[in-house]
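Keep the viewer open while you read.

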Amino acid sequence: MPHSATTAPVTAEGNRRRRGWRRRASHLAADVTAWAGGFLIAASTRQEFDLTVDQARRTAAVGVMAGLLHLGLGVLRRVWSGRHPLGSLQEVRGLAGTTTAAAALVLFGLLVSGERPVPASTPVAGGAMALLLMLGLRTAYRHRRDRALRPDALAASRVLLFGAGSAGEGLLRAMMTDPRSRYLPVGLLDDDPDKRDLRVEGVRVLGGRHDVRDAVRRTRASTVIFSVANADATLIRQIREATLRAGAAFKILPPVRDLVDHRITVTDVRDVKISDLLGRRQVVGDLTLSGNGLTGRRILVTGAGGSIGSELCRQIMRADPGELMMLDRDESALHALQMSLHGRALLDGPELILADLRDDEEIRRIIRERRPEIIFHAAALKHLTLLQRHPGEAIRTNVWGTLSVLDACRDVARFVNISTDKAADPVSVLGYSKRITERLTAHAAATHPGTFLSVRFGNVLSSRGSVVTAFQRQIESGQPVTVTHPDVTRYLMTVQEAVHLVLQAAEIGRDGEALVLDMGEPVRIDDLARQMIEQAASPVPIVYTGLRPGEKLHEDLLGTGEADVRPLHPLISHVTVPALEPAEVSGLDPFDDADKIIAKLAMLCARPVGPVADGAVRLPLSR
């Protein structure tokens, strides 16, 4: 009768266990044999290899008895129970201790007995020889096993690893112990002169950064993998250029800060990203974040389907919130978000909320019924040029949409408004609208019981509509890359950094403030474009289009009169924001002439406002 499907795993498990027992039994027998052989070698050496048959028989018998004693002690100490890998350093320590104890017991027995079948020195020398033989057998086993685990030399790509530090060694060992690995290391490169001729898993260091071309030619490597932990962008660019000149492909191991949750594996190797080449210092690793303030809390993220909102949801999920509510008006974005979080997208869970910030009553109802404790407000229109042409849309979404959320948040413990560096001394509709939301948030801080604050950061790499995404599409289509001005600069950060700052603000931000991250030096967009073109399969030209209305040549992190005060963290500035009465924006007309709307928005940003009195009553929203 054929076996049922359910018996197959049981059979496989039984076979695995039988193979394990056979392997351990063979090693136990080998250890007993090693004791007998060790005693014979020790006795033969003492007799100058002139043992009689009777002496050899007695010596072998005592050696076997010592081996059986060794096995008994080993069973008591669980040396062969599978606690330690065969041939590992831990097993070697266990063997050494058991061998010493067994030799000492045999020696004690010889000293107290009246008749000595072997000299008293034999247990000491024989035990040492037995241990040497046992280690030799295990070394041979490990070598054979390790050779079997290596990638197929015919199927795997030959690679060089630049970087023989901890990250490089970890990656090399991961490759050399995976028979299905697509990479076969054939050499290492490292600038440290003390590592010249070093061998790791049999792979030798062949030189430094100036030896890339020669190493590629000597080893016939098809790929160079950059595996230096937290290297600066200048070194990455140098090794990449040398690799491409040598005719090999260039890959990179992500920085250690991106690999803290797991051991380095072959799947971590990836193509180089533009963020690797920018030359700016990423500061996420310097920001401490406990996540305790999010654990078990009911959290609402508006604009959850966007670049910032979706990354917010992913990082919040790691903090084990009590409930995560994700609100967006884009159903396709919510579908993609649920797929990224859960690996499925049935759109049937209560965590997804399809709603529009412009629907004031619906936003009030959602917050009233779902009762979030913490709100991250990421929903906004953000394309500068479009908003410059349609400023009424900025009023309806960015300003009034934020006001709708704030107006419904009287019982919220913490509200984090996501702003932009364009709100510092704004000159664009986007900057005006986000500066107004900072001031409205400051007003809510003065009139609501919870903590209300804003977070201000620069451009996000690879977000939808970012300059990197636009350049990439132009390059892929063979079109010229359009840069507004040769000297234009922007502060750039990864989406992980931006979201980490937002979560940091939820922990350390104080009422009414705007938190600003120290983002290092700004990046010349012209340099960014040229680096991306260098990575392209075919070069494309750069076309300068000139600054558009509302665009600055250089962005500012802090506005005029804003002090750079960092009371709680050396990388985060706390900026005081003047409050703005909601009544000031409720009367705006989004259908007015564009120039008049822009002038009114600019006036609201510049209007000095005194502090809101304690206990002031917020006017009901009417528009």
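A quick definition to start: a residue is called buried when its relative accessible area is under 20%, exposed when that is over 50%, and partly exposed in between, using a 1.4 Å probe and protein chains only. What you have is a predicted model, where local features need pLDDT of at least 70, side-chain atom pairs count only at pLDDT 80 or more, and totals for chains, interfaces and linings use all residues. Residues are numbered from 1 along each chain as its sequence is written, and side-chain values use heavy atoms, with hydrogens and water left out.

Let's begin with the sheet. Helices (H or I, at least four residues) and strands (E, at least two) are DSSP runs, numbered from the N terminus, and two strands pair if DSSP finds at least two bridges between them. With that in hand, look for five strands in the order β2-β1-β5-β6-β7, which make an open sheet with mixed pairing. At its edges sit β2 (183-189) and β7 (270-271), each pairing on one side only. Further in, β1 (residues 157-162) and β5 (residues 223-226) run parallel and are joined by four bridges. Within that pairing, L160 of the sheet stands opposite V224 in β5.

Which strands does helix α6 touch? Helix α6 (residues 212-219) packs on the sheet against β1, β2 and β5, and its direction makes about 155° with that of β1. Axes here are lines fitted to C-alpha atoms, for helices over the stretch in contact, and the angles run from 0 to 180 degrees between N-to-C directions. Helix α7 lies across β1, β5 and β6 (249-252), running at about 155° to β6.

Zoom in on T243, which is part of α7 (residues 233-245). T243 counts as buried because its relative accessibility is 0%. Contact means heavy atoms within 4.5 Å, and, leaving out residues up to four places away in sequence, T243 touches V212, V224, A248, A249 and F250.

A pair of aromatic rings is described by the distance of the centres and the angle of the planes. Rings of Phe, Tyr and Trp (its six-membered ring) pair if their centres lie within 6.5 Å; planes under 30 degrees apart count as stacked, over 60 as edge-to-face and the rest as tilted. The structure has three aromatic pairs. In one, the ring centres of F162 and F226 are 5.7 Å apart with planes at 15°, so that pair is stacked. F162 belongs to strand β1 and F226 to strand β5, so to speak distant parts of the chain, 64 residues apart, and both are buried. Is the pair of F226 and F250 stacked or tilted? Their centres lie 6.3 Å apart and their planes at 50°, so the pair is tilted. Since F226 is in β5 and F250 in strand β6, the pair ties together parts 24 residues apart in sequence. F250 also counts as buried, at 8% relative accessibility. Together, ring pairs link F162, F226 and F250 into a cluster.

Now to helix α15 (residues 467-476). Its buried residues are V468, T469, F471, Q474 and I475, and their cover includes α8 (274-277), β15 (481-483) and α17 (525-535). Just after α15, G478 takes a positive phi of about 75°.

Last stop: charges. A salt bridge is a side-chain nitrogen of Lys or Arg within 4 Å of a carboxyl oxygen of Asp or Glu, and a search of the whole structure turns up 30. One of them joins R298 and E373, at 3.7 Å from N to O. That pair links distant parts of the chain, 75 residues apart: R298 is in strand β8 (residues 298-302), and E373 is in the loop between α11 (360-370) and β11 (374-377). R298 counts as partly exposed, at 25% relative accessibility.

R435 and E438 form another, with the closest N and O atoms 3.0 Å apart. Because these two are three residues apart in helix α14 (residues 429-447), about one helical turn separates them. Both R435 and E438 are buried.
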